[in-house]
Amino acid sequence: MGKSSPGRACPLSYRYGPAAFRAAPALEVDTLWVAGGLYGNPYALERLMEVYAREPGSKALVFNGDFHWFDVHASQFRAIQASVEKFAALRGNVETELAAPAEGAGCGCGYPDWVDDGTVTRSNAILEKLRGTAASCPDALPTLAALPMHLVARVGSVRVGVVHGDAESLAGWAFSQEALARPEGVEAARRAFSQAGVQIFASSHTCLPVLQRVAGEGLIANNGAAGMPNFRGTRYGMATRISVRPSKQTVYFQEQNDVHVEAVALDYDHDAWERCFLAQWPAGSEAHRSYYERITRGPGYGVDEALRSAAALAA
């Protein structure tokens, strides 16, 4: 399966480039929460609402794409959509391909070569099934289509570029933990920072979290998935919190200028979510084959792999 095949292709309409982040901030707050990859998990959403409600002061919450995915029951899809619409949101590849499908894009994930063909094929099938759900909720489609692909926020003295994928594209993988483990990936990130005029990029899309400093430039904060476990042996989702004040709920953190950049656990009701998932995606279904093991046991990835400094990478 080649790079131009459905699920691996990156449509031209997904692309914007780093200069887009030189725009004036759309949000100026003391605390910014970013949650990507909710994937239709209502229990992770409930937990996120609880912790966000306790946040004091000037604040904003951005859902940076793929808030839909497993929610093929129409009532659940509508409930997720209604909750997200109360906050700032970006469209991920899921929302884009539901509202305005690009020819040959499949799920729109833009999967790189290291993702196996079976995963790509199953993701295309999941998206196709979700299209049927979205078609039964037609009022949501214009709203999804109108969502931006990126935004700029200011927290303290720091400009934050919020994306779904990376600095180039809605479905880009340059901010994945895999790409940032390679010298050429770090160099590409350094160039993106220098062109974008931001000190933090907050992303998701690639499913595994990473908080990595790019020498002389800034921080990349990829929250992985709000709606699924992100580390082996765990059962919580993750969100990114960027604030002028530190919190006491971080899994790990770094500082950038005068702000604290934190990876926060969303400790949702796992048992309820497992039952909800199985009711929609039973054994043998595409989503079950791709995700059930991760939902119940976590991925083969550790917390110690997610927090990275520029010095450690260069060693």
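Guide: Before we start, contact here means heavy atoms within 4.5 Å. Also, keep in mind that this is a predicted model.

Visitor: Fine. Leaving aside neighbours within four places in sequence, what is R289 in contact with?

Guide: R289 is in contact with R122 and G284, once its neighbours within four places in sequence are left aside.

Visitor: Where is R289 found, and is the residue buried or exposed?

Guide: R289 is found in helix α8. Its relative accessibility is 55%, and the cut-off for exposed is over 50%, so R289 counts as exposed.

Visitor: And how far apart are R289 and R275?

Guide: In sequence, they are 14 residues apart; in space, R289 and R275 are 16 Å apart, C-alpha to C-alpha.

Visitor: OK, switching to aromatics. How many aromatic pairs does the structure hold?

Guide: There are 17 aromatic pairs in the structure. One of them is F175 with F201: the ring centres are 5.1 Å apart and the planes stand at 40°, so this pair is tilted.

Visitor: Why does 40° count as tilted?

Guide: Planes under 30 degrees apart count as stacked and those over 60 as edge-to-face, with the rest called tilted. The 40° of F175 and F201 falls in that remaining group, so the pair is tilted.

Visitor: Which parts does that pair tie together?

Guide: F175 is in the loop between β6 (158–163) and α6 (183–196), while F201 is in strand β7 (residues 200–203), so the pair ties together parts 26 residues apart in sequence. Both F175 and F201 are buried.

Visitor: What about F277 and Y292, how is that pair arranged?

Guide: F277 and Y292 are stacked, with 6.4 Å centre to centre and 15° between the planes. This pair links distant parts of the chain, 15 residues apart: F277 sits in helix α7 (residues 270–280) and Y292 in helix α8 (residues 286–297).

Visitor: Is F277 buried or exposed?

Guide: F277 is buried, at a relative accessible area of 0%. Other buried residues in α7 include H270, A272, W273 and C276.

Visitor: What do the buried residues of α7 pack against?

Guide: They pack against α1 (42–53), α2 (74–84), α4 (117–135) and α8.

Visitor: And what caps the N-terminal end of α7?

Guide: D269 does, with a side-chain oxygen 3.3 Å from the backbone nitrogen of D271.

Visitor: New topic: in which sense do β11 and β12 pair?

Guide: Strand β11 (residues 250–256) and strand β12 (residues 259–266) are antiparallel, pairing over six bridges. Q254 stands opposite V261 in β12.

Visitor: How many residues are between β11 and β12 in the hairpin?

Guide: Two residues, and N257 in the turn has a positive phi of about 55°. N257 counts as exposed, at 53% relative accessibility.

Visitor: What's phi like at C207?

Guide: Phi of C207 is near 80°, a positive value in a residue other than glycine. C207 is in the loop between β7 and β8 (210–214), and at 16% relative accessibility C207 counts as buried.

Methods. Residues numbered from 1 in each chain as written. Predicted model: local features only at pLDDT ≥ 70, side-chain atom pairs only at ≥ 80, totals over all residues. Heavy atoms only, no water. Phe/Tyr/Trp six-rings, centres within 6.5 Å; stacked < 30°, edge-to-face > 60°. Helix = DSSP H or I, 4+ residues; strand = E, 2+ residues; numbered from the N terminus. Buried < 20%, exposed > 50% of the residue type's maximum accessible area, 1.4 Å probe, protein only. Pairing = 2+ DSSP bridges. Polar contact = N/O pair within 3.5 Å; in protein donor to acceptor, adjacent residues only side chain to side chain.
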